[in-house]
Amino acid sequence: PDGRRRDVNEAYCRYLGRPREQLVGRGFLPVIVEEDVPRFQRAIASLTPDHPAVTYEHRVRRADGSIRWTQWTDTAIYDSQGNPLEYLSVGRDVTELKHAEDRLREREDHLAHVSRLATMGELVAGIAHEVHQPLHAASTFAEAARRHLESGKPESIATAIECTKEIADAISRTAEIIRRLRDFTKAHPVQMEKLSLNEVVGEAVEIMAFVMRRANVLPRLDLADDLPPVHGDRIQLQQVCVNLIQNACDASAEAPEPDQQLLITTYLAGRNP
């Protein structure tokens, strides 16, 4: 309980690269990588007489300076009053397993990126259409502003100024469309953050706007206004929503009715929509 080793086996000595006399009777926290100490402390704190065993992982620093991942199963032994007498720890090296998990995660990220690119490949025409609309509006307002300025009438100046505001809004709209599409398609590491699920859904609807119009599907959003933030990766959550919308559009293609509605609902678990 005081953090000092009472005994170690030869495999442990060989693994850390230290003789037995440097380990027995000394604290073991110094061999744990500093950032992982809280993980170890949480594991020990979770032990109780009713639940005396726990398994966890942390990194250790060996005598040669190398850092390895280890997995431990600790069992606490208690006295009759429920106080810990000692801990029996059995460990194994899981460094290669951790590296394999990292490689698998990288491949999953790559596949997700490829999937997004495949989705965008189907949306090329839609991208052109989505960008064309605000650009066409900007061009129309620019021509109107030019005509009002050429007229030379004082009242036309105010109208021309209003036209320039509409032009700026159209350009901002175009930039926002391009930004969302670029963010959706580019490869990026997983970034966990607090998100508004309603915002994610709205962005996915924007991305899929052309696909829904082509399928004669009208989106109808019923989004709860009291949702707590969710913890996740924005692009991956967008991908989920995009896939669901794509599936709905594919399914609606078999129905002959025009102007079908796609109802997208968000709600808090336990509260039926």
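1. The buried side of helix α8. Ile 235, Gln 238, Gln 239, Cys 241, Val 242, Ile 245, Gln 246, Cys 249 and Ser 252 are the buried residues of α8. Buried means under 20% relative accessible area, exposed means over 50%, and partly exposed lies in between (1.4 Å probe, protein chains only). This is a predicted model: local features need pLDDT of at least 70, side-chain atom pairs count only at pLDDT 80 or more, and totals for chains, interfaces and linings use all residues. Residues are numbered from 1 along each chain as its sequence is written, and side-chain values use heavy atoms, with hydrogens and water left out.

2. Helices (H or I, at least four residues) and strands (E, at least two) are DSSP runs, numbered from the N terminus. Asp 233 caps the N-terminal end of α8. One of its side-chain oxygens lies 3.2 Å from the backbone nitrogen of Ile 235.

3. Cysteines. Cys 241 counts as buried because its relative accessible area is 14%. Cys 249 has 4%, so Cys 249 is buried too.

4. Gln 260 sits in strand β7. Gln 260 counts as buried because its relative accessibility is 16%. A polar atom of the Gln 260 side chain lies 3.2 Å from the backbone oxygen of Ser 252. Ser 252 is itself one of the buried residues of α8.

5. The second largest pocket. It holds about 170 Å³ of space. Its lining consists of Leu 197, Val 201, Cys 241, Leu 244, Ile 245, Ala 248, Leu 262, Leu 263, Ile 264 and Thr 266. The elements giving two or more residues to this lining are α6 (197-207), α8 and β7 (260-266). By class, the lining has nine nonpolar residues, one polar and no charged. Ala, Val, Leu, Ile, Met, Phe, Trp, Tyr, Cys and Pro count as nonpolar, Asp, Glu, Lys and Arg as charged, and the others, Gly among them, as polar.

6. The largest pocket. About 980 Å³ of space lies here. A pocket is found on a 1 Å grid over the protein atoms alone: it is an open set of points where a 1.4 Å probe fits, with protein on both sides within 12 Å along at least five of seven lines, and lining residues have an atom within 4 Å of a point. The lining of the largest pocket has 34 residues. Arg 5, Asp 7, Trp 72, Tyr 87 and Ser 89 lie nearest the centre. Two or more lining residues come from each of α1 (10-16), α2 (37-45), β1 (53-61), β2 (67-78) and β3 (84-93). Which element gives the most? β3 does, with eight residues. The lining divides into 19 nonpolar, six polar and nine charged residues.

7. Arg 59 lies in strand β1. Its relative accessibility is 25%, so Arg 59 counts as partly exposed. Arg 59 and Trp 69 are ten residues apart in sequence and 4.4 Å apart in space, C-alpha to C-alpha. Lys 98 is found in helix α3 (residues 95-121). Lys 98 counts as buried because its relative accessibility is 17%.

8. A loop and a segment. Gly 82 is in the loop between β2 and β3. Gly 82 counts as partly exposed because its relative accessibility is 28%. Tyr 267 is in the segment after β7. At 44% relative accessibility, Tyr 267 also counts as partly exposed. Tyr 267 and Ala 224 are 43 residues apart along the chain, and their C-alpha atoms are separated by 5.3 Å.

Definitions and conventions: A polar contact is a pair of N or O atoms within 3.5 Å; within protein, one must be able to donate a hydrogen and the other to accept it, and residues adjacent in sequence count only if both atoms are side-chain atoms. Grid points are joined across faces, edges and corners, and a volume is the space filled by probe spheres set on the points.
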